[in-house]
Amino acid sequence: MKPTDHSAQIDEISAAWKRAARHEGIDHEELTVRAYSDSELFLKAVHRNTILEQHRYFYIAQRLCDFFWEQNRKHRGVSTPGYPGHYGCRARLRDNKLEMFWFYNEFKRKNDGSGKHRVISHYIAREGQYRYHKRAFSRAHDWELPVIEITEKGFEVLRRANANQVQIRKFCQANEAALFKLACDMDELEMESLIPAVV
């Protein structure tokens, strides 16, 4: 189906609901059940799609991490100015929670005479709502800082978008619960209206 066909179909369905709302010669009981049912299906579909959207954000976050680590690998030679890079980033999706975070690597020479280093990673807490403050990267090498800035700018966009879709998910759950309660309340009122009045 073409996008224009879908748009026309939405317009047609919307017009039908408007006509039904004003019309008195139709079975409103059946349409009311359908209205609740369609709303529930819509809310569940949106909820599922927010989860899918989060996985797409995670994919994009991984590509941003790949970009950062690609630049990091280019500066790992001992003759490279600013060797080695101390900062690192990760993206993680766990229990429907998407995280993009940074850490600082400390290199300590091993005492075994090998001349190798062991890496100690220190997690950096994010102080800003959607992005890290620049002071979190104050120890970055000259080549690291612009790469961090580009990567973190992308992370900020994803964090904001993810926060928005999490809110959408919560709104869907709230609306579903509220509509269910409304349907129950209306059923109770209709049952009470069938009880004969006591004279």
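## Close-up views of a predicted model

**View 1. A residue pair across the two strands.** In this predicted model, Arg90 has Phe101, a residue of strand S2, as its bridge partner. The pairing to which the view belongs joins S1 and S2, which run in the antiparallel sense and are linked over eight bridges.

**View 2. The largest nonpolar core.** This core holds 24 residues, and those that touch the most other members are Phe68, Tyr87, Trp102 and Phe155. At least two residues of the core come from each of four elements, namely helix H2 (28–74), strand S1 (87–94), strand S2 (97–109) and helix H3 (144–194).

**View 3. The largest pocket and its centre.** The space in the largest pocket comes to about 300 Å³. Its lining is made up of 14 residues, and those that lie nearest the centre are Lys97, Leu98, Glu99, Arg126 and Arg159. Two elements, S2 and H3, each give two or more residues to this lining.

**View 4. The make-up of the pocket lining.** Strand S2 provides the largest share of the lining of the largest pocket, with five residues. When the lining residues are sorted by class, eight are nonpolar, two are polar and four are charged.

Technical notes: Residues numbered from 1 in each chain as written. Predicted model: local features only at pLDDT ≥ 70, side-chain atom pairs only at ≥ 80, totals over all residues. Heavy atoms only, no water. Core = buried A, V, L, I, M, F, W, Y, C linked by side-chain atoms within 4.5 Å. Buried < 20%, exposed > 50% of the residue type's maximum accessible area, 1.4 Å probe, protein only. Pairing = 2+ DSSP bridges. 1 Å grid on protein atoms, 1.4 Å probe; cavity = no way out; pocket = protein on both sides within 12 Å on 5 of 7 lines; lining within 4 Å. Points joined across faces, edges and corners; volume = space filled by probe spheres on them. Nonpolar A, V, L, I, M, F, W, Y, C, P; charged D, E, K, R; others polar.
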